[in-house]
Amino acid sequence: MASNHKRRKKKAISRKIWQYKAFWEIAHEESKYLLDSSALIAGVISENGAAHVLLQLGETENVSLKISEFVFNETTRSIGRKSPENLENVRERSRRQELSFFKTPT
């Protein structure tokens, strides 16, 4: 039973490593990503997972992260209610120009 658990855990770790390698390879190309609220929340609150890696890639020159002003404001309010300890992290990312804003079409 324990060996089965170890195999599953090892497989999950290797899958995660593969995902991270794939994301880092993308960073060598000029890429643009449109973020929605769930990607921003997941990337800020969790230090694991694809959304967090995507935000880290936003710190490179080759990856541009875009989000609408409306979505950013709503997400900031939501994070302030649900996870206030991460609110400054979101604001800091926007100040460092990791996020590019666009006006929501009316």
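**Reading the contacts around Thr-75**

Guide: Leaving out residues up to four places away in sequence, Thr-75 touches Ser-37, Leu-40 and Ile-41 (contact means heavy atoms within 4.5 Å). The model is predicted, so to speak for local features takes pLDDT of at least 70 and for side-chain atom pairs pLDDT 80 or more, while totals for chains, interfaces and linings use all residues. Residues are numbered from 1 along each chain as its sequence is written, and side-chain values use heavy atoms, without hydrogens and water.

Visitor: Is Thr-75 buried or exposed?

Guide: Thr-75 is buried, with a relative accessible area of 2%. Buried means under 20%, exposed over 50%, and partly exposed in between, with a 1.4 Å probe and protein chains only. In the chain, buried residues make up 29% of the 106 residues.

Visitor: In which element does Thr-75 lie?

Guide: Thr-75 is part of helix α4. The chain has 5 helices and 3 strands, in the order α-β-α-α-β-α-α-β from the N terminus. These are DSSP runs numbered from the N terminus: helices are H or I of at least four residues, strands E of at least two.

Visitor: What does Leu-40 contact?

Guide: Beyond its neighbours within four places in sequence, Leu-40 is in contact with Leu-55, Ile-67, Phe-72, Thr-75, Val-90 and Leu-99. Of the contacts in the chain between residues at least 6 apart in sequence, 73% join residues at least 24 apart.

Visitor: Which residues have the most contacts inside the largest nonpolar core?

Guide: In soluble globular proteins, nonpolar side chains tend to be buried together. Here the largest nonpolar core has 16 residues, and Leu-35, Leu-40, Leu-55, Leu-65 and Leu-99 have the most contacts inside it. Such a core is a set of buried Ala, Val, Leu, Ile, Met, Phe, Trp, Tyr and Cys residues joined through side-chain atoms within 4.5 Å. At least two residues of this core come from each of α2 (37–45), α3 (50–57), β2 (63–68), α4 and α5. With 4 residues, α3 gives the largest share.

Visitor: At what angle do the axes of α4 and α5 cross?

Guide: The axes of helix α4 (residues 69–82) and helix α5 (residues 87–95) cross at roughly 155° and come within 9 Å. That makes α4 roughly antiparallel to α5.

Visitor: Which residues of α4 and α5 meet?

Guide: From α4, Phe-72, Thr-76, Ile-79 and Gly-80 meet Leu-87, Val-90, Arg-91 and Ser-94 of α5.

Technical notes:
Axes fitted to C-alpha atoms, helices over the stretch in contact; angles between N-to-C directions. Parallel < 35°, antiparallel > 145°, perpendicular 65-115°, else oblique.
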